[in-house]
Amino acid sequence: MKHSATQQTRSGRGPARRIGRSLAFVLPVVLVLSGTLAVTRVNWSGDPSNSVLTASDASAAGASTRAGARAPHEVLRDRLLIELQEEDPGVALTHLQQAVDERPSLARHCASLARALGRAAVKVYGPTRAQSYARPVCDTAFASGVLAEHR
């Protein structure tokens, strides 16, 4: 009797076999869907201000704009970009360093802000002149922004 029970599970009627077949069917579907969703959330343009919003992000963005609250680093970025156009990148970089010194919570955004300034400087001043303003603010992120925009 025991021999016949062992023979049934070996022939594919056991619970492990059923679970395995279910996973073999469901797992590829889950992986394809999760990969597709991950790809749609990636900002492929390389420009952080030009991001693609999903439906859930759009509703959250609408709620935050209704509240009138913008992140401090976004306000700082906009102000620095205006300074870059009205004066020069050197002034904007100096003010970026001062803002990070005064408000350490902005330090994690420093490199992305400096890269944005570098990209904007190339558009306004050209690559050679923009590179002349480079200084070691935020680990040379300004220079990498100039290089990225120049390519």
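Visitor: Which residues of helix 5 meet helix 6?
Guide: On the helix 5 side, Pro89, Ala92, Leu93, Leu96 and Val100. They meet Cys110, Leu113, Ala114, Leu117, Ala121 and Tyr125 of helix 6. Keep in mind that this is a predicted model.

Visitor: Why quote both an angle and a distance?
Guide: Two packed helices are described by the angle between their axes and the distance between those axes.

Visitor: So are helix 5 and helix 6 roughly parallel or roughly antiparallel?
Guide: Roughly antiparallel. The cut-off for that is over 145 degrees, and the pair packs at about 170°.

Visitor: How far does helix 5 reach, first C-alpha to last?
Guide: It has 14 residues and reaches 20 Å. That is close to the 20 Å expected at 1.5 Å a residue.

Visitor: Which residues of helix 5 are buried?
Guide: Pro89, Gly90, Ala92, Leu93, Leu96, Ala99 and Val100.

Visitor: What do they pack against?
Guide: The buried residues of helix 5 pack against helix 4 (72-86), helix 6 and helix 8 (141-150).

Visitor: Now helix 6. How many residues does it have?
Guide: Helix 6 has 16 residues. From first C-alpha to last it reaches 22 Å, close to the expected 22 Å.

Visitor: Which of its residues are buried?
Guide: Cys110, Leu113, Ala114, Ala116, Leu117, Gly118, Arg119, Ala120, Ala121, Val122 and Tyr125. The buried residues of helix 6 pack against helix 4, helix 5, helix 7 (127-132) and helix 8.

Visitor: What happens just after helix 6?
Guide: Gly126 sits there, with a positive phi of about 90°.

Visitor: What is Ala116 in contact with, leaving aside neighbours within four places in sequence?
Guide: Arg77 and Leu81. As for Leu80, its C-alpha is separated from that of Ala116 by 9.6 Å, and the two residues are 36 apart along the chain.

Visitor: And Arg115, buried or partly exposed?
Guide: Arg115 is partly exposed, at 33% relative accessible area. Its place is also in helix 6.

Visitor: What does Arg115 touch, not counting residues up to four places away?
Guide: Ala141, Phe142, Ser144 and Gly145. Arg115 and Ala143 are 7.3 Å apart, C-alpha to C-alpha, and 28 residues apart in sequence.

Visitor: Switching to His73. What is it in contact with, leaving aside neighbours within four places?
Guide: His73 contacts Leu106, His109 and Leu113. Its place is in helix 4. From His73 to Cys110 the C-alpha distance is 8.5 Å, across 37 residues of sequence.

Visitor: Aromatics next. How many aromatic pairs does the count come to?
Guide: One. Tyr125 and Tyr133 form the pair. The arrangement is tilted: 5.8 Å centre to centre, with 50° between the planes.

Visitor: Are those two tyrosines buried or exposed?
Guide: Tyr125 and Tyr133 are both buried.

Visitor: Zoom out. How many helices and strands are in the chain?
Guide: Eight helices and zero strands. Along the sequence the pattern is α-α-α-α-α-α-α-α.

Visitor: What percentage of the chain is buried?
Guide: Buried residues make up 25% of the 151 residues.

Visitor: Last one. Among contacts between residues at least 6 apart in sequence, what share joins residues at least 24 apart?
Guide: That share is 62%.

Methods
Residues numbered from 1 in each chain as written. Predicted model: local features only at pLDDT ≥ 70, side-chain atom pairs only at ≥ 80, totals over all residues. Heavy atoms only, no water. Phe/Tyr/Trp six-rings, centres within 6.5 Å; stacked < 30°, edge-to-face > 60°. Buried < 20%, exposed > 50% of the residue type's maximum accessible area, 1.4 Å probe, protein only. Axes fitted to C-alpha atoms, helices over the stretch in contact; angles between N-to-C directions. Helix = DSSP H or I, 4+ residues; strand = E, 2+ residues; numbered from the N terminus. Parallel < 35°, antiparallel > 145°, perpendicular 65-115°, else oblique. Contact = heavy atoms within 4.5 Å. Expected span 1.5 Å × (residues − 1).
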